[in-house]
Amino acid sequence: LHLKPDLLVVVDRLMPRVDDGDSLRRSDDHIFEQLFHLAHDLATRVRCLPGNSTEVTVNCPEAGSIMKLTQIACHGHPNVLRIARGEENPLLGWTSIRHAELVPSPVIVTRQPGPDAQFVTVLDLSCGRRDWRLKTGSETMHLGWTAGESDYELDLRLDTGEAEIHAAQPT
């Protein structure tokens with residue numbers, strides 16, 4: 001969901017089912033991973049937030065902070081976040097900038113164990129210059145932000161994916 005001008009909310013719900021011939025049933029536990037691949041010259045800084053959420057600030061040598069990625073810990077879906085770079089078994093965190101030449105590059109890896117997974121990610125392309133507020137409950141996420149003269153609110157049901165956006169008129 002693109003919240004103009006510079007916020008993106010990504011909700012990935014993974015609910016694998018196994019076909020046992022007569023019906024579909026929930027699969028057994030898995031380890032689910034969500035990967036965000038970054039350019040080789042970018043640096044990352046990880047910060048733990050209240051409620052078991054995690055924020056990654058992405059920095060460019062020439063421009064400073066260019067993005068903040070926040071992984072929201074949802075009720076029943078704990079996140080384990082790490083930065084991979086130049087790993088060999090299995091290959092993860094590499095970029096090929098020339099033929100047959102690998103350069104280590106950062107990958108933001110978020111893992112969730114369980115029979116299903118839900119990743120909620122907020123990408124802040126303003127790098128913190130935009131003021132946004134977040135509250136999460138067991139089945140809902142509330143995100144508020146200001147753009148121009150107006151205040152906006154997003155209510156997202158984490159169990160169904162239904163979203164409502166409200167705009168308050170400037171006073």
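Mentor: Two strands pair if DSSP finds at least two bridges between them. Strands are DSSP runs of E, at least two residues long, numbered from the N terminus. Keep in mind that this is a predicted model: local features need pLDDT of at least 70, side-chain atom pairs count only at pLDDT 80 or more, and totals for chains, interfaces and linings use all residues. Residues are numbered from 1 along each chain as its sequence is written, and side-chain values use heavy atoms, with hydrogens and water left out.

Trainee: How do you know that strand 2 and strand 15 pair?

Mentor: Count the bridges. Strand 2 (residues 7-14) and strand 15 (residues 117-124) share eight bridges. The cut-off is at least two, so they pair. Their sense is antiparallel. As one example, R13 stands opposite Q118 in strand 15.

Trainee: Which sheet holds these strands?

Mentor: An open sheet of six strands, in the order 1-2-15-8-7-6, with antiparallel pairing.

Trainee: What makes strand 1 and strand 6 edge strands?

Mentor: Each has a single partner strand, so one side of each is left without a neighbour in the sheet.

Trainee: What joins strand 7 to strand 6 and to strand 8?

Mentor: Six bridges join strand 6 (residues 43-48) to strand 7. Seven join strand 7 to strand 8 (residues 64-72). Both pairs run antiparallel. T44 stands opposite V58, and E55 stands opposite T70. The hairpin of strand 6 and strand 7 has five residues between the strands. The hairpin of strand 7 and strand 8 has three.

Trainee: Why is strand 7 called largely enclosed?

Mentor: Seven of its seven residues (54-60) are buried, so the rest of the structure largely encloses it. Buried means under 20% relative accessible area, exposed over 50%, and partly exposed in between (1.4 Å probe, protein chains only). Both faces of strand 7 are covered. T54, V56, V58 and C60 lie on one side, and E55, T57 and N59 on the other.

Trainee: Why does E55 count as buried?

Mentor: E55 has 9% relative accessibility. That is under 20%, so E55 is buried.

Trainee: What makes R47 and E55 a salt bridge?

Mentor: The distance. A salt bridge is a side-chain nitrogen of Lys or Arg within 4 Å of a carboxyl oxygen of Asp or Glu. The closest N and O atoms of R47 and E55 are 3.1 Å apart, so the pair qualifies. R47 itself is partly exposed, at 44%.

Trainee: How do you know that E55 and K68 also form one?

Mentor: Their closest N and O atoms are 3.9 Å apart. That is within 4 Å, so they qualify too. E55 lies in strand 7 and K68 in strand 8, so the pair ties together parts 13 residues apart in sequence. K68 is buried, at 18%.

Trainee: Which other salt bridge can we check?

Mentor: R82 and E87, at 2.6 Å from N to O. R82 is partly exposed at 33%, and E87 is partly exposed at 26%. Shared partners also join R47, E55 and K68 into one network of salt bridges. The structure holds five salt bridges.

Trainee: Why is A100 called exposed?

Mentor: Its relative accessible area is 73%, and the cut-off is over 50%, so A100 is exposed. A100 lies in the loop between strand 12 (94-98) and strand 13 (101-104). Its phi is near 65°, a positive value in a residue other than glycine.

Definitions and conventions: Helix = DSSP H or I, 4+ residues; strand = E, 2+ residues; numbered from the N terminus.
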